[in-house]
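Open the model in your viewer and keep the selection tool at hand. Each stop below says what to select and what is there.

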Amino acid sequence: MKPRKLIPDDILTPGSQKSFRGYTHFRHSYYPEIAIWTVALIIPAFIVPGPETHFSFCLFKHLGLTWCPGCGLGESIALLYRGELAASLSVHPLGIFAVIILLNRIAVLLNKQILTKPNQHEQINECNPRP
Amino acid sequence: MNRLMNVIPGLEADEMVALNNMTMDLTDEQLRMFAGIYAGRRKTSDTILICTILGFVAVAGIQRFVIGQIGMGLLYLFTGGLCLIGTIVDLINYKRLTFEYNHKVAMEAMVMVGR
């Protein structure tokens, strides 16, 4: 029996909006990572800028280290949300960079998650043969 | 049976299912070529795991560089893996990250094979 074509021809064309459908039970969900980065971007919105005004999320600090390269990132993003660009840069220069990169990552993951949604009628493979 | 398992040993289950569906229509010649390209470029999840664990003892973010996410890699590198939280996220997430990368590699290999 000739195997039925599962992948349309134009799927591999650059810019094609068609998705690869073939994942079944093993299809990975990208939602956990999407959720984590979303939370990471939302939490700084509730931070009041200033020294020691909020609970520190830095695990290095909780482990007893006095300095860590990432400390101040949350405050920097908080200042950015309030429009204080110069202050944001002075607290941690990577605040803007972090927001851009995380937003980009969320977009990429959402794109993959939605585009690779399996079609119920095309879930045929060795583990899930055609009835 | 599974044609790919003969050519690339050490495939993981999720990977195998995805590749099987992708390569269903390839001829044997094309499949050999595909397997050669893919096997040379794929990363094992062990590599990613070890790179992630390096984030606890030395430099964070190597795993993100390895799978080609330069922006995330730089962010991890200069913030100590987002104060260790990002490193722990990747420690939980390493299989998914590997699969994501390998799936991209498989897509590229399919283009190279001429499908």
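Predicted model: local features only at pLDDT ≥ 70, side-chain atom pairs only at ≥ 80, totals over all residues.

Start with two helices: H5(A) passes H6(B) in a left-handed crossing, meaning that the near helix is turned anticlockwise from the far one by less than a right angle (clockwise would be right-handed). Helices here are DSSP runs of H or I with at least four residues, strands are runs of E with at least two, and both are numbered from the N terminus.

Residues are numbered from 1 along each chain as its sequence is written, with chains lettered from A and ligands numbered from 1 in the order in which they are written.

**Stop 1: H5(A) and H6(B)**

The axes of these two helices come within 10 Å and cross at roughly 140°. Axes are lines fitted to C-alpha atoms, for helices over the stretch in contact, and angles run from 0 to 180 degrees between N-to-C directions. H5(A) and H6(B) are therefore oblique to each other. Angles under 35 degrees count as roughly parallel, over 145 as roughly antiparallel, 65 to 115 as roughly perpendicular, and the rest as oblique. Now select the contact residues: Phe97(A), Ala98(A), Ile101(A), Asn104(A) and Arg105(A) on H5(A), with Gly71(B), Met72(B) and Leu75(B) on H6(B). Two residues are in contact if their C-beta atoms, placed from the backbone, lie within 7 Å.

**Stop 2: H1(A) against H5(A)**

From H1(A), residues including Tyr31(A), Ile34(A) and Trp37(A) take part in the contact, and from H5(A), residues including Val99(A), Leu102(A) and Ile106(A).

**Stop 3: the largest nonpolar core**

A nonpolar core is a set of buried Ala, Val, Leu, Ile, Met, Phe, Trp, Tyr and Cys residues joined through C-beta atoms within 7 Å. A residue is buried if 20 or more other C-beta atoms lie within 10 Å of its own, exposed if 12 or fewer, and partly exposed in between, with C-beta atoms placed from the backbone. The largest core has 20 residues; select Ile77(A), Ala98(A), Ile101(A), Leu102(A), Leu75(B), Tyr76(B) and Cys83(B), which touch the most other members. H3(A) gives the most, with 5 residues. Zoom in on Ala98(A): leaving out residues up to four places away in sequence, Ala98(A) touches Leu73(A), Ile77(A) and Leu75(B). Apart from this core lies another, of 13 residues, among them Met22(B), Phe34(B), Ala106(B) and Ala109(B).

**Stop 4: Pro44(A)**

Is Pro44(A) buried or exposed? With 22 C-beta neighbours inside 10 Å, Pro44(A) counts as buried. Look for Pro44(A) in the loop between H1 and H2 of chain A. Pro44(A) and Ile77(A) are 33 residues apart in sequence, yet 6.0 Å apart in space, C-alpha to C-alpha.

**Last stop: confidence**

Colour chain B by pLDDT, the predictor's confidence in each residue, from 0 to 100. Chain B averages 88, and 97% of the residues score at least 70.
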